[in-house]
Amino acid sequence: MLYIFSIIVFVCVHGIAVSGLSLLTGYTGIFSIGHAGFMAVGGYAAVVLYKNLGVPFLLAVVLGGFIAVIVSVILGYPALRNKLEGDAFGIVMLGFVTVVRVAISNIKPVLGGAIGITGIPRLSSVWLVILITAIMVYCMRNFIKSDYGKNCMAVQQQESAAEMVGVNPLRTKLRALMISAFYGGVAGGLFVFYATFVSPMSFAEAKSNDLLAAVVLGGMCSLSGPLMAAGILVILPEILRFLAVWRLVFYGLAFILIMLFRPDGLFGYREISFKWVGRLYHKIKAGIGERQKRTGRG
Amino acid sequence: MDGKTALLDIDHMTIAFGGLKAVNDVSIQINKSEFVGLIGPNGAGKTTFFNSITGNVSPTGGGIVFDGHSLTKKRPDQISRLGISRTFQNIRIFPKMSVLDNVTIPMHSAPSYSMWAAMLGLSKVTRQQKETEKRALEFLSDLGLEAYKDREAGTLAYGLQRRLEIARALAASPKLLLLDEPAAGMNNDECNELAELLRRIYKNYDLTVILIEHHIEFVLKLCDRIYVLNLGQLLAEGTPEEIQSNPEVVRAYLGSRRTKQ
């Protein structure tokens, strides 16, 4: 049971981070190869606030998220103001996650250096994590469906035209970056308080790749697609544990296939809809009705 | 023209890209409710001229004053909110968004509610969205695009995409509308239809229009006044009749008509 619970927690934590990244990369079109950096900042900040300053658990996690936001502004404002886009911004983020990892590894006094921090109480219960994930995903969905989200999409699809009809691209991009950093930070905090330890390798470059993979595989301009992909990317390696060595090969293969056949991702520009269930139900009902009529007549 | 009534006053503007002067010491005054044409051979600096008005290119010399505001230090989105809207030479709609969403973007470029309200999905957000959608539908039906409102904009036919761009420009509620070759790639019938449409929206929305176009008949038919640019310099200015009979213009530009038809 504990094993199942831990998988659920990982799926949720990934889900939070991925929904943040989906806003940034999927909707606003800013590539981030280093989103785990925000998870690291949020996670470490939450632990330090809790252990060293005695801040209550949930407040520490939320404050960790806000500290990630502050870091994202320090990083993003100069980069976005100078119109770094696409690959260039991706490289900035790659640099960021590396800097965070190396910095943490070398700060021994509070952060524990390369060994990290151990003995963190397990305060993120499964139900709490599920609840927080549901709330955060719900908020993200509302944001994306609102005019703010539409402005993000406009900036992604045709920045010069968006600018020409009054959308401020810098503010739109920075807002997306800040929100996604907050999501990353909170995800990091929740993760740390479940894993009970944190080390620089908890949120290294590989974690960033997982997040980006979920968004790209799940689809551009979609929230449900990346969320589903995030779940699959956590659960699948567990099921295929005996193929662990081949995990990265599968990743690579999946990427190539998706890019070849579905360049916008599995659910690009669409959401997973359950309307077909209703339609199927009506069809079956109608079918049964017809059969009854026929047998009744016969 | 006296300077007081001019809606757009461009004063000795120069735009240089390195050593190349794309626009060289051009002064233009445009009054409210005028329909002005801007013509000139390829590379005359017409689009650069538009880009400077909308803030995409900053002039290296001279000034632009619109409705009492200097535009030279402003960002494109600020200029848009002052009331200048444009279409592009190469169509720039939002291809993956619905036709309706394309038109609502200018109306909520700066949403009236906060980010937090949006995240919590408060009722005022949906109310606001319903309202903008209703207004957007009015623009769409005015331009005959209502039937396509749910279509993905990128899948529309070329002529309809042009129209959508005009609808989007109108949705930003401009005082001054800049049209960059709206009739490019259209046949005669389509041109006539477009001219009709432009005349109608010009009247209905009480606009001031600057039109860049290569179809000379189109420009002559629509515009009250025409400016001719050549190699970045102002060659002539006048009514359609004056332009047609100006020997310099005929030599630089209209002379090529001989080969047509």
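Modeller: Domain bounds come from an automatic or database domain assignment. This is a predicted model: local features need pLDDT of at least 70, side-chain atom pairs count only at pLDDT 80 or more, and totals for chains, interfaces and linings use all residues. Residues are numbered from 1 along each chain as its sequence is written, while chains are lettered from A and ligands numbered from 1 in the order in which they are written.

Biologist: Which residues does the domain assignment of chain B give to domain 2?

Modeller: Domain 1 of chain B has two segments, 1-83 and 174-261. The C-alpha centres of domain 1 and domain 2 of chain B are 27 Å apart. Domain 2 of chain B covers 93-172.

Biologist: Which elements give two or more residues to the side of domain 1 of chain B that touches domain 2 of chain B?

Modeller: Contact needs C-beta atoms, placed from the backbone, within 7 Å. By that test, ten residues of domain 1 of chain B meet eight of domain 2 of chain B. Helices (H or I, at least four residues) and strands (E, at least two) are DSSP runs, numbered from the N terminus. On the domain 1 side, the elements in chain B are H2 and helix H7 (188-204).

Biologist: How many residues does chain B bring to the contact with chain A?

Modeller: Chain A supplies 24 residues. Chain B supplies 31.

Biologist: How many residues on that side of chain B are nonpolar?

Modeller: Ala, Val, Leu, Ile, Met, Phe, Trp, Tyr, Cys and Pro count as nonpolar, Asp, Glu, Lys and Arg as charged, and the others, Gly among them, as polar. On the side of chain B that touches chain A, eight residues are polar and seven charged. The nonpolar count there is 16.

Biologist: Within what arc do the buried residues of H4(A) fall?

Modeller: A residue is buried if 20 or more other C-beta atoms lie within 10 Å of its own, exposed if 12 or fewer, and partly exposed in between, with C-beta atoms placed from the backbone. Buried residues of H4(A) include A:Phe89, A:Val92, A:Phe96 and A:Val100. The buried residues line one face of H4(A), because the arc, taken from the directions from the helix axis to the C-beta atoms, is 165°.

Key. Contact = placed C-beta atoms within 7 Å.
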